[in-house]
Amino acid sequence: MSEPQAGADSPHLDASQREQAASHSTPHPLVVHEVVREEGEAAMERTFSALMWSALAAGMSMGFSFLVQAVLESALPPTSWRH
């Protein structure tokens with residue numbers, strides 16, 4: 001039994017739009033795995049300094065996002081929408 005195609009029964013789409021929705025259906029898990037594997041191999045070929053700069057930028061981005069949230073929450077008045 002085949003899986004239903006995306007948008008196949010949608011009353012909001014015309015025939016060409018249903019065909020377009022079907023072509024954007026979920027890819028096979030092996031395809032997803034291969035894409036992720038190839039991206040991982042490409043990342044492993046990066047230089048040490050490129051990986052370290054990327055790690056530093058990611059860490060700072062995460063840290064500053066929490067800091068900005070804390071600063072904003074401390075400056076807001078105590079209301080129900082504050083959180």
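The tour goes from the whole chain to single side chains.

This is a predicted model, in which local features need pLDDT of at least 70 and side-chain atom pairs count only at pLDDT 80 or more, while totals for chains, interfaces and linings use all residues. Residues are numbered from 1 along each chain as its sequence is written, and side-chain values use heavy atoms, with hydrogens and water left out.

**Stop 1: the whole chain**

Show the protein chain as a cartoon. It has three helices and zero strands, in the order α-α-α along the sequence. Helices here are DSSP runs of H or I with at least four residues, strands are runs of E with at least two, and both are numbered from the N terminus. The radius of gyration is 23 Å, well over the 12 Å from the globule rule for 83 residues, so the chain is more spread out than a compact globule. That radius is taken over C-alpha atoms, and the rule is 2.2 Å times the number of residues to the power 0.38. Along the principal axes, the C-alpha atoms fill a box of roughly 55 × 50 × 25 Å.

**Stop 2: the surface**

Switch to a surface view. The accessible surface of the protein chain is about 7600 Å², and carbon and sulfur atoms account for 65% of it. Areas come from the Shrake-Rupley method with a 1.4 Å probe; for residues, only the protein chains shown count as cover. Of the 83 residues, 1% are buried. Buried means under 20% relative accessible area, exposed over 50%, and partly exposed in between (1.4 Å probe, protein chains only).

**Stop 3: helix H2**

Glu34 and Arg37 form a salt bridge, with the closest N and O atoms 2.4 Å apart. A salt bridge needs a side-chain nitrogen of Lys or Arg within 4 Å of a carboxyl oxygen of Asp or Glu. The two residues are three apart in helix H2 (residues 29–44), so about one helical turn separates Glu34 from Arg37. Arg37 also meets Glu41 in a salt bridge (3.0 Å, N to O). Arg37 is partly exposed at 34% relative accessible area, and Glu41 is partly exposed at 44%.

**Stop 4: helix H3**

Select Phe64, which lies in helix H3 (residues 48–75). Phe64 is partly exposed, at 46% relative accessibility.
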